[in-house]
Amino acid sequence: MTKTAAIIGGGVIGGGWAARFLLNGWDVQIFDPDPEAQRKIGEVLNNARRSMPGLSDVALPTAGQLRFCDSLSDAVVGVDWIQESVPERLEVKQKVYQKLQEYCPEDAIIGSSTSGFKPSELQAGASRPEQVLVTHPFNPVYLMPLVEIVPTANNSPTLVARAKDTLKSIGMFPLHVRKEIDAHIADRFLEAVWREALWLVKDGVATTEEIDQAIRMGFGIRWAQMGLFDTYRVAGGEAGMKHFMEQFGPALQWPWTKLMDVPEFTDELASLIADQSDAQSGHLSIRDMERLRDDNLVSIMRALKSRNFASGMVLNAHDAKLSDSAGMVRHMDDITDLSMPIITVRRAVPVDWLDYNGHMTESRYLQAFADATDRLMEIVGCDMNYIATGGSFFTAETHIRHIDETHLGSVIEINTRVLMAQGKKMHLWHEMYAGESLLATGEHMLVHVSLKTRRPAPFSPQIDANLRLICEAHSDLKIPNGMGRYVGQPR
Ligand SMILES: NC(=O)c1ccc[n+]([C@@H]2O[C@H](COP(=O)([O-])OP(=O)(O)OC[C@H]3O[C@@H](n4cnc5c(N)ncnc54)[C@H](O)[C@@H]3O)[C@@H](O)[C@H]2O)c1
């Protein structure tokens with residue numbers, strides 16, 4: 001059954017949560033008294049619809065229904081999850097809990113997006129404190145996996161486990177914060193960096209742009225994949241972390257940083273920073289910058305997916321769940337009608353698949369068709385276990401025809417037919433569609449090989465039997481238009 005989330009406060013963060021829940025198939029009910037709320041959330045949703053499907057190598061589920069509510073009570077009746085993202089003022093948040101707990105289910109989880117308040121402070125304003133905990137996300141919520149989950153002893157372990165499961169089910173990485181403190185883990189850390197940046201600008205050591213370059217060109221890239229401690233461990237060399245600590249520990253006594261000292265936040269400092277920031281990026285609109293940020297984030301995380309590391313590992317785990325729940329065929333037993341082409345790929349086109357012409361670049365067609373071939377191989381029994389025994393397929397020949405343009409975010413589906421499978425050869429035909437439109441075809445000849453000799457070798461009896469079954473069933477289909485064409489042949 002479709003689950004429902006209530007989003008209370010639909011600003012930057014509430015809008016991001018709405019997008020994350022909606023695009024993962026949840027229905028969403030929003031309450032925000034701002035008359036501009038629908039327009040603002042619409043902008044966030046447009047950004048999310050453009051970028052978020054591209055994080056995944058599997059199509060996202062059908063999006064849920066979005067409903068704007070006129071009252072808080074209307075928004076929370078019968079929901080499974082409530083995400084509070086009202087402004088960062090304790091008395092406002094506490095008032096919201098008192099009101100919503102009059103109407104919401106007693107077993108609904110109430111997560112707060114608060115950047116700084118401790119969960120015990122939030123619970124102090126609630127009639128059922130056990131329902132309330134901190135679930136602190138990062139902007140843009142629809143792309144960033146991290147959510148800090150901060151409970152208190154009032155929250156049962158069952159509720160905390162349920163909260164983590166829910167967050168994982170929408171593709172997030174819940175990080176359990178063991179002790180409640182102001183600003184949790186990440187914002188405490190970011191505050192330290194921010195403080196130092198303010199000093200550097202105030203003292204005229206660096207401009208806002210130079211500080212951003214110091215991050216972008218250096219430690220920012222390292223942090224995205226290994227974080228802080230693993231990066232320093234590697235820096236310690238063979239002698240390891242202890243050596244690193246001994247080497248750099250004394251530096252903490254030097255006046256490298258101003259540490260807890262905070263520069264006075266005067267109008268002069270605010271203007272200095274604002275002017276430098278205008279000079280740095282004032283030529284771009286905020287919408288342009290959001291898209292730039294989103295495209296970069298998607299591209300970086302997709303790179304980490306191929307390494308199955310850090311945020312890439314979270315995305316891969318989410319893809320596996322999406323693939324299972326979308327009912328994609330993985331085994332012969334999953335095929336319901338053998339006589340029909342098999343759907344081997346269903347996914348959205350991500351931003352890093354585009355070229356300078358503003359559509360999908362040609363190498364990605366081959367990638368998509370190769371993914372379709374890999375899935376067909378898995379279905380007939382040539383999976384990773386089989387490959388480990390020394391048998392596999394090599395591609396001998398490929399012919400791709402580009403029929404129509406393929407655009408960012410389009411959900412493409414590849415239907416695969418086995419045209420011939422005999423002895424050592426497998427002849428495949430892939431058709432790529434967006435809805436009813438045929439976008440491309442891929443014709444491929446593969447040879448079964450021994451990975452020991454690197455020479456052609458017969459299929460295993462199991463693969464042979466499965467391929468025969470599919471091939472015979474597919475032989476009743478019409479010969480595909482374009483099969484066997486050579487390059488340049490008139491249509
Ligand atoms: N901006 C960030 O980068 C960021 C990151 C993580 C967490 N947060 C936290 O998320 C929360 C929201 O921050 P934001 O940046 O989205 O703020 P925001 O000002 O963009 O949005 C707050 C929204 O809440 C609405 N609102 C005000 N009172 C309300 C009420 N009583 N009921 C329902 N809606 C109400 C406002 O109209 C506004 O649209 C804060 O607690 C903040 O600390 C912010």
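## Helix 4 and its cover

Helix 4 (residues 90–100) has these buried residues: Lys-93, Gln-94, Val-96, Tyr-97 and Leu-100. Here buried means under 20% relative accessible area, with exposed over 50% and partly exposed in between (1.4 Å probe, protein chains only). These residues sit on the same side of helix 4, because they cover an arc of only 155° around the axis, the arc being that of the directions from the helix axis to the C-beta atoms. Helices (H or I, at least four residues) and strands (E, at least two) are DSSP runs, numbered from the N terminus.

And what lies over them? The cover includes strand 1 (4–8), helix 3 (72–76), strand 4 (81–84), strand 5 (109–112), helix 5 (119–123) and strand 6 (132–136).

A word on the source: this is a predicted model, where local features need pLDDT of at least 70 and side-chain atom pairs count only at pLDDT 80 or more, while totals for chains, interfaces and linings use all residues. Residues are numbered from 1 along each chain as its sequence is written, and side-chain values use heavy atoms, with hydrogens and water left out.

## Helix 7 meets helix 8

The axes of helix 7 (residues 186–202) and helix 8 (residues 208–226) cross at roughly 145° and come within 10 Å. Those axes are lines fitted to C-alpha atoms, for helices over the stretch in contact, and angles run from 0 to 180 degrees between N-to-C directions.

Helix 7 brings Phe-189, Val-193, Ala-197, Leu-200 and Val-201 to the contact, and helix 8 brings Thr-208, Ile-211 and Trp-223; contact means heavy atoms within 4.5 Å. Seven of the contact residues are nonpolar, one is polar and none is charged (nonpolar: Ala, Val, Leu, Ile, Met, Phe, Trp, Tyr, Cys and Pro; charged: Asp, Glu, Lys and Arg; polar: the others, Gly among them).

## The nonpolar cores

The largest nonpolar core has 34 residues, of which Trp-17, Phe-21 and Trp-81 touch the most other members. A core of this kind is a set of buried Ala, Val, Leu, Ile, Met, Phe, Trp, Tyr and Cys residues joined through side-chain atoms within 4.5 Å. Helix 1 gives the most to this core, with six residues.

A second, separate core of 23 residues includes Leu-72, Val-79, Ala-126 and Val-177.

## The whole chain

The protein has 16 helices and 13 strands, and 44% of its 491 residues count as buried. Its C-alpha trace spans about 75 × 55 × 45 Å along the principal axes.
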